[in-house]
Amino acid sequence: MKKYEIMYIINPTVLEEGREALITEINELLQANGATIAKTEKWGERKLAYPIEKKKSGFYVLTTFEIDGVKLAEVEAKLNIMESVMRYIVVKLD
C-alpha cells in the first residue's frame, strides 16, 4: 500500500449539503476500493487560475490516503464520470 493525495475541485453550483454528500461519496468510493483515509481537508471556495466550464471558482478538497496502485485506476475511472467534480489530481507521496 502506497500513500497518495487527491485534490479535487467541486463545481461551485453544488450547495453545502451536496458538497458534504459528495465528499462522503468520494471517501466511501476510496474505502470500497481498499483505501485507508488518513485525513480530508476542505480548503473552501477559491478562484480558479483559468475558467473551467465557464466557472471562475470552485470548492477545493484535499484527501490523503493509502491504497494499492491497481485499485487506484478504478477510483479514477469513477471520478472521471462524476459531473460535480470539475477536476482532480492524484499525487503519490514519498
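The structure holds four salt bridges. The model is predicted.

**Salt bridges around Glu16 and Arg19**

- A salt bridge joins the side chains of Glu16 and Arg19, at 3.1 Å from N to O.
- Glu16 and Arg19 are about one helical turn apart, because they stand three residues apart in helix α1.
- An α-helix has 3.6 residues a turn, so residues three or four places apart point the same way.
- Glu16 counts as partly exposed because its relative accessibility is 42%.
- Arg19, with a relative accessibility of 10%, counts as buried.
- Glu16 and Arg19 also belong to a network of salt bridges that includes Glu45.

- Lys42 and Glu20 form a salt bridge through their side chains, with an N to O distance of 3.1 Å.
- Lys42 is in strand β2 (residues 36-52) and Glu20 is in helix α1, so this pair ties together parts that are 22 residues apart in sequence.
- Lys42 is partly exposed at 46% relative accessibility, and Glu20 is partly exposed at 31%.
- The side chains of Glu41 and Lys39 meet in another salt bridge, where N and O are 3.2 Å apart.
- Glu41 has a relative accessibility of 28% and therefore counts as partly exposed.
- Lys39 is partly exposed, its relative accessible area being 44%.
- In general, side chains of opposite charge can pair when their charged atoms come close.

**Helix α2**

- Helix α2 spans residues 69-80 and has 12 residues.
- From its first C-alpha to its last, α2 reaches 17 Å, which is close to the 16 Å expected at 1.5 Å a residue.
- Leu72, Val75 and Leu79 are buried residues of α2.

**Glu17 in helix α1**

- Glu17 is placed in helix α1.
- Glu17 counts as exposed because its relative accessibility is 59%, and the cut-off for exposed is over 50%.
- Between Glu17 and Leu62 there are 18 Å in space, C-alpha to C-alpha, and the two are 45 residues apart in sequence.

Key. Residues are numbered from 1 along each chain as its sequence is written. This is a predicted model: local features need pLDDT of at least 70, side-chain atom pairs count only at pLDDT 80 or more; totals for chains, interfaces and linings use all residues. Side-chain values use heavy atoms; hydrogens and water are left out. Helices (H or I, at least four residues) and strands (E, at least two) are DSSP runs, numbered from the N terminus. The expected span of a helix is 1.5 Å times one less than its number of residues. Buried means under 20% relative accessible area, exposed over 50%, partly exposed in between (1.4 Å probe, protein chains only).
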